[in-house]
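Let's take a friendly walk through the charged side-chain pairs of this protein. Please have the sequence and the model open as you read.

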Amino acid sequence: GLIFYDTKVTVMNRVLNATVQRTADHAAPEITLDPLEIVGGEIRSSENSYLCQAARQLGCVPSSQLCVKLASGGDPTYAFNIRFTGEEVHGTSGSFRHFLWQVCKELQSSSLSLLLLCPSSAVNKNKGKYILTPSPITYAEEQLLHFFGQLLGIAIRADVPLPLDLLPSFWKTLVGEPLDPDLDLQEADILTYNYVKKFENISDETELEALCAEIASQHLATESPDCPNKPCCKFTYLSLTGEEVELCPRGRHIPVGWENKDVYAAAIRSLRMRELQTPECMTAVRAGLGSIIPLQLLTTLTPLEMELRTCGLPYINLEFLKAHTMYQVGLMETDQHIEFFWSALEMFTQEELCKFIKFACNQERIPFTCPCKDGGPDTAHVPPYPMKIAPPDGAAGT
């Protein structure tokens with residue numbers, strides 16, 4: 001936290017360019033995707049998703065072939081080239097960026113089960129934010145998580161921000177920072193947080209009975225074996241994926257009472273913290289990321305900086321875009337139609353602005369920093385910088 005973000009980025013860029021493994025005399029790996037498999041945006045089975053199609057084809061490509069120099073001016077070098085079946089696309093930039101955008105859409109949809117919508121979403125807190133699905137993983141899922149980690153590294157080298165909305169707990173675990181048992185639980189699952197707090201704040205046995213009765217009315221409790229009419233909770237709780245799990249050995253048979261209510265609350269809290277850290281899944285993601293960028297770099301970054309470097313900002317700053325726009329062939333910023341253009345964009349909602357950026361350069365977000373501001377060797381930068389506005393090709397019409 002003592003180093004400015006720009007300083008870290010400069011060091012990071014230097015390290016990334018020093019760890020390039022694919023040189024100019026090596027052809028880029030190429031993958032072929034079939035867009036018809038996901039026609040109409042509906043993926044009939046997860047094997048047909050772009051993520052799975054790409055993971056299958058790149059599974060046998062050594063990761064050293066994907067470690068390219070940072071994207072900068074001209075036609076940048078990307079980790080791999082993409083050919084769409086039946087489409088004649090010229091240049092690699094557009095199809096590569098479209099692929100990353102599509103994969104992020106797939107990850108945040110019901111067609112793949114790698115990410116899970118955080119439970120707080122249901123009550124309008126952190127709406128639309130995701131976490132890694134905390135369940136035992138199959139070998140195939142481990143391969144996909146590894147590839148997901150590689151994509152995070154590939155996006156950093158390509159300077160294409162991924163439109164991913166992940167909870168801060170994901171970025172914390174990724175950079176190796178401990179989770180906060182209060183704050184992170186509240187962010188991810190506010191209902192469980194409130195439930196735990198109720199048990200922690202009870203001051204006498206009558207309150208505990210009333211709470212158990214309230215929970216019983218929501219079908220979460222059973223009757224106490226000692227007093228058949230007295231409702232009680234057992235040492236079980238629902239996992240994030242909706243299964244009932246025992247919080248200790250034989251938990252189904254242990255009622256929650258005055259003497260063990262704090263143990264019960266602590267057990268629920270530690271169940272959720274384990275699920276948020278998902279060590280199995282995170283190991284696979286970190287292994288994938290580490291095959292593209294040196295993991296030592298993460299020790300300097302805060303979770304927020306890692307998110308900014310990988311996903312950029314989720315909103316479009318128009319002033320920033322204006323400052324990085326070039327007017328070509330006799331156009332001026334003061335031309336009437338250019339002024340109309342900017343005032344039209346100023347009326348756009350953030351969602352519409354993202355669609356405009358997607359229309360202009362096939363990605364929804366713009367990188368958080370732009371190397372061209374320093375006038376250094378990278379002044380000719382990759383799209384979306386600078387945005388170029390040119391006159392129409394033909395001379396006809398006004």
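Start with Glu214 and Lys198, which form a salt bridge in this predicted model; their closest N and O atoms are 3.4 Å apart. Glu214 sits in helix H8 (residues 205-217) and Lys198 in helix H7 (residues 190-200), so this contact ties together parts that lie 16 residues apart in sequence. How accessible are the two partners? Glu214 has a relative accessible area of 35% and is partly exposed. Lys198, at 42% relative accessibility, is partly exposed too.

Next, find Arg252 and Glu246, whose side chains meet in a salt bridge with an N to O distance of 3.4 Å. Arg252 is partly exposed at 38% relative accessibility, and Glu246 is partly exposed at 34%.

Now move along to Lys322 and Glu346, where the side chains meet in a salt bridge at 3.3 Å, N to O. Because Lys322 belongs to helix H12 (residues 318-323) and Glu346 to helix H13 (residues 336-346), the pair ties together parts that are 24 residues apart in sequence. Lys322 has a relative accessibility of 21% and counts as partly exposed; the cut-off for buried is under 20%. Glu346 is partly exposed as well, with a relative accessible area of 47%.

Conventions:
Residues are numbered from 1 along each chain as its sequence is written. This is a predicted model: local features need pLDDT of at least 70, side-chain atom pairs count only at pLDDT 80 or more; totals for chains, interfaces and linings use all residues. Side-chain values use heavy atoms; hydrogens and water are left out. A salt bridge is a side-chain nitrogen of Lys or Arg within 4 Å of a carboxyl oxygen of Asp or Glu. Helices (H or I, at least four residues) and strands (E, at least two) are DSSP runs, numbered from the N terminus. Buried means under 20% relative accessible area, exposed over 50%, partly exposed in between (1.4 Å probe, protein chains only).
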